[in-house]
Amino acid sequence: MKKKLVLVLMLCMGLAFSAGCADTKDQAQADTEELKEAGTETPDAAKRATIEYNAEDYVTLGDYKGLKISLNEADYQFTDEDVNSYADQMIAYTKPFVPDETKTEVGANDIVNVDYVGKKDGEPFDGGSAQDQYIDVANNCSAAGGGGYIEGFTAGLVGAKVGESVDCAVTFPEDYQAEDLKGQEAVFTFTVKSVVKKVTRDMLDDSYVKDNFQVENVDEFYQNIRLGLEQDMQSKKDSAIRSAVIEKVMENCKVNSLPEGLLESRLDDYMQLFENQYCSEDVKLEDFLRTNYNMSVDEFYEENKKYMETNLNQELVFETISKKENLEFDQEEYDDYVNQIVSSGRYASIDALYESYGADKAAGEEYFKKIYMVNKACNLAVEQSDVSFTQGEAVIDTEQAE
């Protein structure tokens, strides 16, 4: 898990197209999310030193067009079980319970919707009140997910009638997290709004889905789920193709060396960005890394150096391809790309974006123009690849599943 997190952050500082060589608008959105995740949305972010170099001086190109890519079609298909599972998730997330009109009194095994107010010495205390809570009476816990309650919290609800208010006296445990409540007696007043039942797929009707999912009927609800899964599978397929193309391009091409100082400059910038985001005067980088990664600053630096070098190698190769193919810079397309990043992120202007990601505004603009052209080169390699699909059982990504 540690390596995955580090890698995601490294891709933000290195090769922006690593998320995939998509259309300009889509790629801008992807790059925005990466930049935001890396903490570069403010002008206080680290400044990249400008190092002049020609990428083609460092790269020996091999084949990058007409690459044969073979994928398993079964990995990009979904089943009725997937549809049902997604429907269950939507129900659970949106409105998992509805009133059970057949019940007017709380039973020992019921789930109830309540408002409650907690009082100590007759006065409400901070954090002791809530509205529209779904409570599993038998298990003394939240029915909508979350932890359990203190012992005896729901005991007074059994036998209460819908619409009534009932009191339940409790004693907070001695090890309770709030100092002022440890070992203290309190009274919770519950207003029972309804006894509820869990919504399941077989209960769905047009009224429920219309009220909660902005569709006209149950058929449309399932049609939208299938459409969403189709789009997810297509996105997964596109991403797999791009990743396979990038991998083959890098196998066929060779980076003879990196421009002097570039790796260290990018890595130093990343380290500063990381420290700006996660550390403060009270939390030093060394302490943060030891607590969250069990690593020293030197170990963290070396760990990230490997990923940064991979990113820079990819950047140099695709920059060289861009120049060899004489790919043209399209100002209108580039403006759309950058404006998407600005509008999707928390940037006051394009200048603010550039200044937050370069030694100065000019350096930041130069960097984004370079990444834009790198994306175009990646697009070309993807578009001209020879993709085929084999039939077989889906391959489960065990690392992802874990």
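**Loop residues**

I went to N294 and found it in the loop between α7 (285–292) and α8 (297–324); helices here are DSSP runs of H or I with at least four residues, strands are E runs of at least two, and both are numbered from the N terminus. This is a predicted model, where local features need pLDDT of at least 70 and side-chain atom pairs count only at pLDDT 80 or more, while totals for chains, interfaces and linings use all residues. Residues are numbered from 1 along each chain as its sequence is written, and side-chain values use heavy atoms, with hydrogens and water left out.

What is phi of N294 near? I noted 55°, a positive value in a residue other than glycine. I wrote myself a reminder that most residues other than glycine have a negative phi. N294 is exposed, at 58% relative accessible area; the cut-offs are under 20% for buried, over 50% for exposed and in between for partly exposed, with a 1.4 Å probe and protein chains only.

Then I looked up Q214, in the loop between α4 and α5 (218–252). Its phi is also positive, near 55°, and Q214 is not a glycine. Q214 is exposed as well, with a relative accessible area of 64%.

Two packed helices are described by the angle between their axes and the distance between the axes.

Which residues of α3 and α4 meet? I listed M90, I91 and T94 from α3, and Y208, N212 and F213 from α4, with contact meaning heavy atoms within 4.5 Å. By class, this contact has four nonpolar, two polar and no charged residues. Nonpolar covers Ala, Val, Leu, Ile, Met, Phe, Trp, Tyr, Cys and Pro, charged covers Asp, Glu, Lys and Arg, and the others, Gly among them, are polar.

**Salt bridges**

How many salt bridges does a search of the whole structure find? I got 18, each a side-chain nitrogen of Lys or Arg within 4 Å of a carboxyl oxygen of Asp or Glu.

D386 and K68 meet at 3.0 Å, N to O. D386 lies in strand β10 (residues 386–390) and K68 in strand β2 (residues 68–72), so this pair ties together parts 318 residues apart in sequence. D386 is partly exposed at 38%, whereas K68 is exposed at 60%.

D351 and K361 form another, with the closest N and O atoms 3.7 Å apart. Here D351 is in helix α10 (residues 350–356) and K361 in helix α11 (residues 361–383), so the tie joins parts 10 residues apart in sequence.

Is D110 buried or exposed? I found D110 buried, at 9% relative accessibility. Its salt bridge with K103 is 2.7 Å, N to O, and K103 is partly exposed at 34%.

My last entry is a network of salt bridges linking E56, E319 and K323.
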